Amino acid sequence: MALLCIRIAMILVLFLAFSENHGFLRGVTSLGINYGQVGNNLPQPEKVLDLLSSLKLTKARIYDTNPQILTAFANSNVELIVTVENQMLAVLMDPQQAFQWVSTHIKPYFPATRITGIAVGNEVFTDSDATLLAYLVPAIVSIHGALAQLGLDSYIHVSTPNSLAVLTESYPPSAGSFKTEVSGIMSQYLQFLSSTKAPFWINAYPYFAYKDKPDEVPLDYVLFNPNSGMIDPHTKLHYDNMLYAQVDAVIFAIARMGFDGIEVGVSETGWPSKGDADEVGAMVDNAAAYNKNILRRQFKNEGTPLRPNMRLEIYLFALFNEDMKPGPTSERNYGLFQPDCTMVYNVGISALSSPSSSTSSASISLTSSATKVKT
């Protein structure tokens, strides 16, 4: 499998050299990929780095602090966001424990490995274990304090990814507001982000909105395909896709809490290429359209209608199909690549250069994956 990964990487280098000469990948600074590891047949981290380098992807997020990955990615140009697992939050509330954790899991690898962010937990505000929420902000503050003690706080931001289920209202975007039951801790969290200039991360999946109400949600609107879109009646802003509307709803929710200027980024998004019989819309054609269109937007480094001049950072999920993920079939079928490094499907250089190009003529694949939370 390792030799196959290397051969594919070499082929992709040739394709991407062509694309750079034609300007398709030049200047893309806001696109990342989620590198999950819930599989028993994934390539070694060194081969994964070759793959990322071949794709010219320079941002990745992992769901732990796997020392093999942190070591393999040393002296590369890939920026990494690492993750503190949810079960560690109670321990890391303690500043001494947080200092020990940073000293063990971060400091030995930095700066050779370009760790740029620490995600403290994942979707804690909507986790089924409500006790976790009380630990979140203290753990975030303790970890940031440990980074400051070690002189790393200006290089590594601390935040946490959130499910869209943290919103009680998201439509229209100007109605965006957080659930009242989390407002107290949310205010503390936003105060931390405001003071440290760290981003608010959101896991946003328009696919789930379509799957739950396919008769009400226009498919072209969620896929970024040409459509009439919607106009927010309060702001008069026009939205031609649901993802940007979801992001702006979060920005409005943050503003309702009294905070302005906090960057909102998409830590996960994607569309399934395969699903169970009841997973409406989970198919290759839709996944190809969604990801192709997101990539085209990312190449423009554009922002949302509310913040058109602030480029929107997006991390696709995930790099590989992961055969050990629990849940419906879709959970195991959202990867950019199969574990043997063959592409799941193509969106292609030619597809990125022209809205009318056929997906079947593609030569490069960039796809993504979903979370367990339906939003």
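Visitor: Why are helix H6 and helix H7 called roughly parallel to each other?

Guide: In this predicted model, the axes of H6 and H7 (residues 183-196) cross at roughly 15° and come within 9 Å. An axis here is a line fitted to C-alpha atoms, for helices over the stretch in contact, and angles run from 0 to 180 degrees between N-to-C directions. Angles under 35 degrees count as roughly parallel, over 145 as roughly antiparallel, 65 to 115 as roughly perpendicular, and the rest as oblique. The value of roughly 15° therefore makes H6 and H7 roughly parallel.

Visitor: Which hand does the crossing of H6 and H7 have, and what makes the contact?

Guide: The crossing of H6 and H7 is left-handed; that name applies if the near helix is turned anticlockwise from the far one by less than a right angle, and right-handed applies if it is turned clockwise. From H6, the contact takes Leu 133, Ala 134, Val 137, Ile 140, Val 141 and His 144, and from H7 it takes Ile 185, Gln 188, Tyr 189, Phe 192 and Thr 196. Contact means heavy atoms within 4.5 Å.

Visitor: How many residues of that contact of H6 with H7 are nonpolar, polar or charged?

Guide: There are 8 nonpolar, 3 polar and no charged residues in it. Ala, Val, Leu, Ile, Met, Phe, Trp, Tyr, Cys and Pro count as nonpolar, Asp, Glu, Lys and Arg as charged, and the others, Gly among them, as polar.

Visitor: What makes H5 oblique to H6?

Guide: Helix H5 (residues 95-105) and H6 (residues 132-149) pack at about 60°, with their axes 8 Å apart. That angle is why H5 is called oblique to H6. The crossing of H5 and H6 is right-handed. Pro 95, Ala 98, Phe 99 and Val 102 of H5 meet Ser 142, Ile 143, Ala 146, Leu 147 and Gln 149 of H6. By class, the contact of H5 with H6 has 7 nonpolar, 2 polar and no charged residues.

Visitor: How are the helices and strands picked out, and how many does the protein have?

Guide: Helices (H or I, at least four residues) and strands (E, at least two) are DSSP runs, numbered from the N terminus. The protein has 12 helices and 13 strands.

Visitor: Why does Ser 330 count as buried?

Guide: Buried means under 20% relative accessible area, exposed over 50%, and partly exposed in between (1.4 Å probe, protein chains only). Ser 330 has 2% relative accessibility and therefore counts as buried. Ser 330 sits in the loop between strand S13 (314-317) and helix H12 (349-353). Beyond its neighbours within four places in sequence, Ser 330 touches Pro 272, Lys 274, Gly 275 and Glu 279.

Visitor: What share of the protein counts as buried?

Guide: Of its 375 residues, 55% count as buried. Helix H2 (residues 45-54) contributes Pro 45, Val 48, Leu 49, Leu 51, Leu 52 and Ser 54 as its buried residues.

Visitor: Why is Lys 56 called partly exposed, and what is its phi?

Guide: Lys 56 has 41% relative accessibility, and therefore counts as partly exposed. Lys 56 follows H2, in the loop between H2 and strand S2 (59-61). Its phi is near 65°, a positive value in a residue other than glycine. Most residues other than glycine have a negative phi, and most peptide bonds are trans.

Visitor: What about Lys 197: buried or exposed?

Guide: Lys 197 has 72% relative accessibility, which means that it counts as exposed. Lys 197 is in the loop between H7 and strand S9 (200-203), and has a positive phi of about 60° although it is not a glycine.

Visitor: Which peptide bond with omega near 10° is cis?

Guide: The bond from Phe 110 to Pro 111 is cis, with that omega. Pro 111 belongs to the loop between H5 and strand S4 (114-120). Another cis peptide bond joins Tyr 171 and Pro 172, with omega about -10°. Pro 172 lies in the loop between strand S7 (167-169) and strand S8 (177-178).

Visitor: Which rules lie behind these values?

Guide: Residues are numbered from 1 along each chain as its sequence is written, and side-chain values use heavy atoms, with hydrogens and water left out. For this predicted model, local features need pLDDT of at least 70 and side-chain atom pairs count only at pLDDT 80 or more, while totals for chains, interfaces and linings use all residues.
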